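Trainee: Could you walk me through how to read a few features of a helical model?
Mentor: Gladly; let us look at the model together.

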Amino acid sequence: MKKNANILEYVEKYKYKYGIKYAEEGGKLVKTLGVLASIVWVYSFFMIVFSVLSFSINFAAGIFNYSDHSNVFISTIITAIIMIAAAVLYVCKQKIIACIIAIVAQIFVVLTYAPISVYGAGYMPSFYWRFVIPAALLIIFAASLLIVLIRANIKTNKLYNTLVEGLYKQYGTKDGEKLTDEQWNEFLTNYNPYKIVD
């Protein structure tokens, strides 16, 4: 159920009044993790775009046969699109979904390039600095953001529900009858804790 904006505002005032603090969106920790994730995202995205261009040039020059590398080429383009989608969602304040998508994209790109990066008994060094290391860093930052944001949502929801339940016990009935959903929503929208409610 959608939360009432007026009560959410009251929740923030309540937190400030009683010194309730935890890492949440807009806080220093989230901003720092966001900046670090953005830096790694830019590097990772550049490596992916570079790979697309490299494949395209090699296809055009006849160095690579498209049929031999089409799966990796298409997968790389899909990964680039997914990463753009994650960035757009992050900017549009859908940070939790953006972090999940970013993590999936990084796992996808590593799995895509692992088979073609085998060199002797191991992997080519470029595989690590192009894909593995940035993927690992982005996953760490995105996962950390995810944990902080989910934890903040849980705490805020708990506080919101506690306040709404308290208000309902006190004002949920009028003349012995329970308020309808419409009346209750109207009450929450107009509720002002600094005024006496009739």
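Trainee: Where is Thr 156 placed?
Mentor: Thr 156 sits in helix α5. Keep in mind as we go that this is a predicted model.

Trainee: Is Thr 156 buried or exposed?
Mentor: The cut-off to remember is that buried means under 20% relative accessible area. Thr 156 has 12% relative accessibility, so Thr 156 counts as buried.

Trainee: Which residues is Thr 156 in contact with, leaving aside its neighbours within four places in sequence?
Mentor: Those contacts are Val 11, Lys 15, Tyr 22 and Glu 24.

Trainee: How many residues apart in sequence are Thr 156 and Cys 99?
Mentor: They are 57 residues apart in sequence, and from C-alpha to C-alpha they are 20 Å apart in space. Cys 99 belongs to α4, where Cys 99 is one of the buried residues.

Trainee: Then let us turn to that helix. What span does α4 reach from its first C-alpha to its last?
Mentor: Helix α4 covers residues 95-113, which is 19 residues, and reaches 27 Å. That is close to the 27 Å expected at 1.5 Å a residue.

Trainee: Which residues of α4 are buried?
Mentor: Start from the general idea: an α-helix has 3.6 residues a turn, so residues three or four places apart point the same way. In α4 the buried residues include Lys 95, Ala 98, Ala 102, Ala 105 and Val 109. Ile 103, Gln 106, Thr 112 and Tyr 113 are also among the buried residues there.

Trainee: What covers the buried residues of α4?
Mentor: The cover includes α2 (28-61), α3 (66-91) and α5 (125-171).

Trainee: How should I describe two helices that pack together?
Mentor: Two packed helices are described by the angle between their axes and the distance between the axes. For α4 and α5, the axes come within 8 Å and cross at roughly 155°. Because of that angle, α4 is roughly antiparallel to α5. The crossing of these two helices, α4 and α5, is left-handed.

Trainee: At what angle do α2 and α5 pack?
Mentor: The angle is about 150°, and the axes of α2 and α5 are 9 Å apart. Therefore α2 and α5 are roughly antiparallel to each other. Here α2 passes α5 in a left-handed crossing.

Trainee: What does the side chain of Asn 58 reach?
Mentor: Asn 58 lies in α2, and its side chain reaches the backbone oxygen of Ser 54 at 2.9 Å. With a relative accessible area of 14%, Asn 58 is buried. Asn 58 is also in contact with Ile 63 and Phe 64, once neighbours within four places in sequence are left aside.

Trainee: And what does the side chain of Ser 75 reach?
Mentor: Ser 75 lies in helix α3, and its side chain reaches the backbone oxygen of Asn 71 at 2.7 Å. Ser 75 has a relative accessible area of 16%, so Ser 75 is buried. Not counting residues up to four places away in sequence, Ser 75 touches Phe 108 and Thr 112. Thr 112 is itself one of the buried residues of α4.

Trainee: One last feature, backbone angles. What is the phi of Lys 93?
Mentor: In general, most residues other than glycine have a negative phi. The phi of Lys 93 is near 70°, a positive value in a residue other than glycine. Lys 93 is placed in the loop between α3 and α4, and with a relative accessible area of 57%, Lys 93 is exposed.

Notes: Residues numbered from 1 in each chain as written. Predicted model: local features only at pLDDT ≥ 70, side-chain atom pairs only at ≥ 80, totals over all residues. Heavy atoms only, no water. Helix = DSSP H or I, 4+ residues; strand = E, 2+ residues; numbered from the N terminus. Expected span 1.5 Å × (residues − 1). Buried < 20%, exposed > 50% of the residue type's maximum accessible area, 1.4 Å probe, protein only. Contact = heavy atoms within 4.5 Å. Polar contact = N/O pair within 3.5 Å; in protein donor to acceptor, adjacent residues only side chain to side chain. Axes fitted to C-alpha atoms, helices over the stretch in contact; angles between N-to-C directions. Parallel < 35°, antiparallel > 145°, perpendicular 65-115°, else oblique. Left-handed = near helix turned anticlockwise from the far one by under 90°.
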